[in-house]
Amino acid sequence: MSVPAAPAETAAVTSFAAQVRERSQGAHTRAENAGFMSRLMGGEGTIAGYTALTSQYYFIYDALERVGETWRDDAIGSMFVDDALLRRTALEADLEYFLGADWRETIVASAPTQAYVERLETIAARSSAEFVAHHYIRYLGDLSGGQIIRVMVQRHYGIPDEGLNFLNFPLIPKPKPFKDDYRAALENAPWTAEERAALIAEVEVAYGLNFDLFTELGRSQEQ
Ligand code: HEM
């Protein structure tokens, strides 16, 4: 499934958001079609595989949300940091569901996850544009393809809601208007042309980090 083009009538007012989306379409398709992800979506994955993905996401969102706290009071960062998006508590609940109360002692960050966390702690921490690049690809993705993933893993593997808190946004009952507002914030954030270019470049890097994560999960799940 490729990301549909933005509707023509909104293209003029959402030109930067549309540009971000268009420039990253190829990287999106590559991440979406990574073997691990397409097997999971096609019903050839396992609950263990989804649990492994959830475990890696825990480290990533922990870092993303720690860095996010440092942007909360920033003039631009505050346009994006939103408690309704925060996923760490949801991931903790899911891991307790899948792995039991001592889940913290059993999960280990893979090498690609460690690289992702390091990127968040350095690059996302240094400018609001690079932070938002990472914020955008995870949270807007979770509110978009993530909602399809939720339906598919529930269907294929029978995972109940108790294990899918990560993909459930109780404070965002309607993703569409939320995503429209998010794109408007991308548009209105007073970044310079250089900062906008840095955001687009970092979105590309972030898709690559996700791709590497899925590749490693694919490898480890095959063993
Ligand atoms: C099987 C996996 C996936 C499917 C089926 C999928 C599907 C989609 C679809 C249909 C949209 C458009 C939704 C809309 O316009 O409202 C979308 C948007 C998006 N997806 Fe995915 N996706 C997948 C994986 C991913 C991954 C792995 C990431 C990032 C790591 C991601 C990040 C995004 C982002 C950031 C958007 C928003 C684009 C924008 O409007 O600016 N997706 N996805």
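What radius of gyration does the chain have, and what would a compact globule with 223 residues have? In this predicted model, the chain has a radius of gyration of 17 Å, which agrees with the value near 17 Å for a compact globule with 223 residues. The C-alpha atoms fill a box of roughly 45 × 35 × 30 Å along the principal axes. The chain holds 12 helices and 0 strands. Among contacts with a separation of 6 or more, 80% join residues 24 or more positions apart. Of the 223 residues, 47% count as buried, while the chain exposes about 10600 Å², of which carbon and sulfur atoms supply 54%.

The largest nonpolar core comprises 68 residues, and the members that touch the most others are Tyr50, Tyr57, Leu186, Trp191 and Leu199. Helix α5 (residues 47–71) gives the most to this core, with 11 residues. When neighbours within four places in sequence are left aside, Tyr57 is in contact with Met37, Asp62, Leu91, Arg138, Phe166, Leu213 and Phe214.

Ala198 is found in helix α12 (residues 193–222). Ala198 and Ala17 are 181 residues apart along the chain, and their C-alpha atoms are separated by 14 Å.

The ligand contains an iron atom, for which the protein provides a single donor, NE2 of His28, 2.1 Å away. His28 is placed in helix α3 (residues 25–32).

Terms used:
Residues numbered from 1 in each chain as written. Predicted model: local features only at pLDDT ≥ 70, side-chain atom pairs only at ≥ 80, totals over all residues. Heavy atoms only, no water. Donors = N, O, S within 2.8 Å, 3.2 Å for Na, K, Ca; no water. Helix = DSSP H or I, 4+ residues; strand = E, 2+ residues; numbered from the N terminus. Core = buried A, V, L, I, M, F, W, Y, C linked by side-chain atoms within 4.5 Å. Buried < 20%, exposed > 50% of the residue type's maximum accessible area, 1.4 Å probe, protein only. Contact = heavy atoms within 4.5 Å. Rg over C-alpha atoms; globule rule 2.2 N^0.38 Å. Areas by Shrake-Rupley, 256 points an atom, 1.4 Å probe, with all protein chains shown as cover.
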